[in-house]
Amino acid sequence: MSAAVRTGWRIGAAAALRGRAGRPLSQAAGEGGGAESGGGSGSREAVERLVREHPVVVFMKGSPAQPLCGFSNAVVQILRLHGVEDYRAHDVLQDPDLRQGIKNYSNWPTIPQVYLNGEFVGGCDILLQMHQNGDLVEELKKLGIRSALLDKEKDQEKK
Amino acid sequence: LPEFPLSCSLSPMRGPLLAAARGVMGGAGGPLALTIRAKLTAALQPTHLEVRDDSPRHGGPPGAETHFGVLVVSGRFAGLPPLQRHRLVHEALRAELAGPLHALQIIARTPQQWQSDPRAPSAPPCLGGSKRERRRG
C-alpha cells in the first residue's frame with residue numbers, strides 16, 4: 001500500500017472513530033477548497049450546522065420530489081422504502097459553494113452523501129448495501145426511527 | 001429481507017455486471033479506464049477487478065469516460081467497513097476524481113465475500129444530473 005493510501009486510510013479510520021468527518025486531505029496539504037473561508041454556505045461551520053439539524057440529512061442533486069441524478073434518486077427511494085419521508089435534503093446543484101464544501105467536509109468526492117445523526121455514512125452504494133444487509137434498519141432504530149419494512153414484515157407474518 | 005423493489009435497472013441481476021463488463025472490457029481501453037485499472041491494481045492488488053465505463057448511459061458519447069463503475073475484490077478490504085473500503089478506492093483515484101471522473105460506483109469485496117456471492121447490482125439510471133437531460137426510459 002502506498003504511503004498516500006495508508007494516510008488516507010488512517011485519516012478516514014480515525015474520523016470514523018471520532019464519529020465525524022476528518023480533516024480533508026486537501027486542507028492538510030495546504031490547498032484551499034475555495035469554500036472554506038468566512039461564513040460561506042460551503043464553510044465547515046455552515047456544513048456542520050446542516051448535518052446536525054436533523055437525524056437524517058442528505059446532500060443530493062435535485063430534490064426528493066424530483067431527483068436529478070440516478071444515484072441521488074436511489075438514496076431517496078431507499079429512504080422511502082423504509083418509510084423515512086421526514087428528512088433534510090439539500091440540492092447541491094442550487095449551491096456551488098455547498099457542493100464543494102460538503103465534499104471537503106466529508107473528504108468524499110461525490111454526491112449524494114448521507115448523514116445519520118450528524119455522521120457521514122456514505123453514498124448511494126453504501127446505503128444500498130446497508131439496506132440489503134439490514135444495517136439501515138438498525139441505524140434508523142438508533143435514531144428512534146422505526147423502519148416501515150419492520151411493519152411490512154409483521155403484516156406478512158400475520159398472513 | 002424483502003427484495004429490493006426499485007426500478008428494474010436497480011434489481012440485483014445475476015451476472016450482468018460481469019457479462020457487460022466482459023463485453024465492454026475488450027473495448028474499455030480508453031485512457032481513463034486504463035489509468036483507473038492501473039491505479040487500482042497498484043494500490044489494492046485486487047484478485048479480481050472490473051472497470052466499467054458508464055458514460056454512455058449518462059448522455060455522454062461512447063468513450064466520454066466521465067462515469068465509471070468499479071468492482072474491486074481485494075484482501076486489503078478485510079476487516080474494513082464499506083466506508084473505509086470506498087475511501088481506499090477514492091484515495092487511489094484521487095487525481096481522477098478531482099478531474100474528469102465525475103461519478104464512481106464502487107463494489108468492494110474481499111475474496112471470501114466475492115466467492116460466496118459473485119453478484120453485483122447494476123448502476124441506477126441517469127436522471128440528467130447537472131446536464132438536466134430528459135429522463136431515461
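Figure 1. Chain A exposes about 7,400 Å², an accessible area from the Shrake-Rupley method with a 1.4 Å probe; for residues, only the protein chains shown count as cover. Of the 159 residues in chain A, 50% are buried. Buried means under 20% relative accessible area, exposed over 50%, and partly exposed in between (1.4 Å probe, protein chains only). Chain A has 8 helices and 4 strands. Helices (H or I, at least four residues) and strands (E, at least two) are DSSP runs, numbered from the N terminus. The order from the N terminus is α-α-α-β-α-β-α-β-β-α-α-α. Take the contacts in chain A between residues at least 6 apart in sequence: 60% join residues at least 24 apart. Contact means heavy atoms within 4.5 Å.

This is a predicted model, in which local features need pLDDT of at least 70 and side-chain atom pairs count only at pLDDT 80 or more, while totals for chains, interfaces and linings use all residues. Residues are numbered from 1 along each chain as its sequence is written, chains are lettered from A and ligands numbered from 1 in the order in which they are written, and side-chain values use heavy atoms, with hydrogens and water left out.

**Figure 2. Helices α3 and α5 of chain A.** Helix α3 spans residues 44-52 and helix α5 residues 96-106. They pack at an angle of about 80 degrees, with axes 9 Å apart. Axes are lines fitted to C-alpha atoms, for helices over the stretch in contact; angles run from 0 to 180 degrees between N-to-C directions. The two helices are therefore roughly perpendicular. Angles of 65 to 115 degrees count as such, under 35 as roughly parallel, over 145 as roughly antiparallel, and the rest as oblique. From α3(A) come A:Arg44, A:Val47, A:Glu48, A:Leu50 and A:Val51. They meet A:Leu98, A:Gly101, A:Ile102, A:Asn104 and A:Tyr105 of α5(A). The contact residues divide into 6 nonpolar, 2 polar and 2 charged. Ala, Val, Leu, Ile, Met, Phe, Trp, Tyr, Cys and Pro count as nonpolar; Asp, Glu, Lys and Arg as charged; the others, Gly among them, as polar.

**Figure 3. The open sheet of chain A.** Its 4 strands follow the order β2-β1-β3-β4, with mixed pairing. Strands pair if DSSP finds at least two bridges between them. β2 (88-91) and β4 (119-122) stand at the edges, each with a single partner strand, so one side of each lacks a neighbour in the sheet. The twist averages 25 degrees from one strand to the next. β1 (residues 56-60) and β3 (residues 113-116) run antiparallel, joined by 4 bridges. A:Phe59 has A:Gln113 in β3(A) as its bridge partner.

**Figure 4. Helix α4 of chain A and A:Asn73.** Helix α4 (residues 70-81) lies across β1 and β3 of chain A, at about 155 degrees to β1(A). A:Asn73 sits in this helix and counts as buried at 13% relative accessibility. Not counting residues up to four places away in sequence, A:Asn73 touches A:Pro67 and B:Leu127.

Figure 5. β2(B) and β3(B) run parallel, joined by 7 bridges. B:His67 stands opposite B:Ala103 in β3(B). At 48% relative accessibility, B:Gly59 is partly exposed.
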